Amino acid sequence: CAAMKVTLLPGDGIGPEIMDVAVDVLNTIATKHDLTFDFTTKLVGGAAIDEHGCPLPDDTLDSCKASDSVLLAAIGGYKWDSLPSNDKPERGLLNLRAGLGAFANLRPAVVLPQLADASTLKPEVVSGVDIMVVRELTGGIYFGEPKGFGVSDKPGMEGSRTGYNTDVYCEKEIERLARVGYAVARKRGSKVCSVDKANVLEVSQLWREVAQRVRDEEFPDIELSHMYVDNAAMQLVRNPKQFDTMITGNIFGDILSDEASMICGSIGMLPSASIGEDGPGLFEPIHGSAPDIAGQDISNPLAMILSAAMMLRYDLNQEAAADQIEKAVEKTLDDGYRTVDLMSEGMKQVGCREMGDMVLERL
Ligand code: IPM
Ligand code: MN
C-alpha cells in the first residue's frame with residue numbers, strides 16, 4: 001500500500017534520543033505489518049532557533065501539513081529560557097498545534113498493572129485507573145488577546161509593571177472540543193466530567209453552558225457532570241477511579257494531565273494525540289525535554305513509543321500495529337525492565353536505548 005508520510009520532529013533535550021527509539025519501533029512494526037513509512041525529519045523549538053532563528057520555520061510547518069501525520073518528541077531548554085515569549089521554543093509548539101488546527105488533545109492516563117506500585121499514591125488507589133483527559137489545545141489563555149506587558153493602574157499599585165494574558169473561548173471552540181470529548185467517551189465508559197472554574201470565571205460559565213447543551217442536543221447517552229478545577233485536582237489524587245473521560249480547557253488540561261501522569265507512575269509514560277477536524281494529527285509525549293538529563297541515555301522512551309502507537313491508531317488507521325506496540329511495552333514492563341523514573345526494588349534498571357531494545361525484541 002502507499003507510503004505513509006510522517007514528519008519527525010525530535011526537538012530538544014531528550015527529544016532526539018527518545019525519537020531515535022520510536023523510529024526504530026516504527027521501522028520494525030512496518031516490516032511486520034507490511035507498512036511503508038516515508039519519514040522526513042525537521043527542526044522545531046530550540047534546535048530550529050539555533051539553525052534558522054525561529055522556533056517553527058515555514059519549511060517545518062509546510063512539511064507537517066503535507067504529511068499524513070506528525071510525530072514530535074519534546075522542545076525547550078535552559079539555553080532559550082530568557083528569550084521573549086514569542087521567540088521561545090514553546091511558541092514553536094503552540095504555533096504548530098494552531099497551524100495544524102489540532103484543537104483536541106487526547107491524553108490517556110492508564111495505570112498499567114505492572115506499574116501500580118510505581119506511583120507515589122497507594123496501589124489500591126491507583127490500580128485500575130483509566131482516564132482520558134481531553135484538553136482544548138488551540139485556545140484559552142495560551143492564545144487569548146490582549147496579552148503582554150504594561151503598567152498597572154490598580155489603586156495603590158499605579159506604575160507597577162504588569163504582565164497579562166486573556167482566557168477566552170468562543171462557543172464554537174467549546175462545541176467542537178465537547179463533541180470530540182463525547183465521541184471519545186462513547187468508545188469508553190460514556191461518562192464525562194467537564195472541568196472549569198465557573199464559580200469565578202465568565203469564560204468557564206460559557207464553557208459549562210455549552211458543554212451541557214452539546215451533550216443534551218447531540219449526546220444524550222453521555223452521563224455528564226461538571227466540576228471546578230480545584231476540586232478536580234483534589235479528587236484526582238483522592239479517588240482517581242471516579243473519572244472516565246474529562247473535558248477541559250487548555251491550561252486546566254495542561255495542569256491536570258501532569259497530575260494524572262503521576263497516578264500512572266511517571267510522566268515518562270504518558271503519550272498524547274492532538275487532532276483537528278481534518279489534516280494530519282500531532283503525536284507527542286506529554287512530558288517536556290528534560291534538559292537536566294539530556295544526553296545521558298537515562299530518559300524513559302515509553303511515552304514516545306506509545307505516542308507512535310497512538311499515531312498508528314488515530315491517524316494512520318493501523319489498529320493492529322498500535323496494539324502490538326502497546327503489548328510489547330507491557331511485556332517489557334512485565335519482564336521487569338525499568339528506566340530510573342520507574343525504578344523499584346527487584347526491577348532491572350535500563351537506559352533509554354536499552355529500554356527501546358527490550359521493546360523491539362518483544363514486538
Ligand atoms: C505540554 C507542555 C506544553 C504546553 C508547553 C511545552 C508549551 O507543557 O504539552 O503539556 O503547555 O502545552
Ligand atoms: Mn504540560
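Modeller: The axes of helix α1 (residues 15-33) and α11 (319-334) come within 11 Å and cross at roughly 130°. Helices here are DSSP runs of H or I with at least four residues, numbered from the N terminus. Their axes are lines fitted to C-alpha atoms over the stretch in contact, and angles run from 0 to 180 degrees between N-to-C directions. Angles under 35 degrees count as roughly parallel, over 145 as roughly antiparallel, 65 to 115 as roughly perpendicular and the rest as oblique; α1 and α11 are therefore oblique to each other. Their crossing is right-handed, a term used if the near helix is turned clockwise from the far one by less than a right angle.

The contact itself is made by V25, I29 and H33 of α1 with A320, A321, Q324 and I325 of α11. Two residues are in contact if their C-beta atoms, placed from the backbone, lie within 7 Å. By class, this contact has five nonpolar, two polar and no charged residues. Ala, Val, Leu, Ile, Met, Phe, Trp, Tyr, Cys and Pro count as nonpolar, Asp, Glu, Lys and Arg as charged, and the others, Gly among them, as polar.

This is a predicted model, in which local features need pLDDT of at least 70 and side-chain atom pairs count only at pLDDT 80 or more, while totals for chains, interfaces and linings use all residues. Residues are numbered from 1 along each chain as its sequence is written, and chains are lettered from A and ligands numbered from 1 in the order in which they are written.

A second pair of helices is α8 (residues 229-238) and α9 (residues 250-263), whose axes come within 10 Å and cross at roughly 10°. These two helices are therefore roughly parallel to each other. In α8, V229, A232, A233 and L236 meet F252, L256, E259, A260 and I263 of α9. The residues of this contact divide into eight nonpolar, no polar and one charged.

The contact takes 13 residues from domain 1 and 17 residues from domain 2. On the side of domain 1 that touches domain 2, the elements that give two or more residues are α4 and α11. By class, that side has seven nonpolar, two polar and four charged residues.
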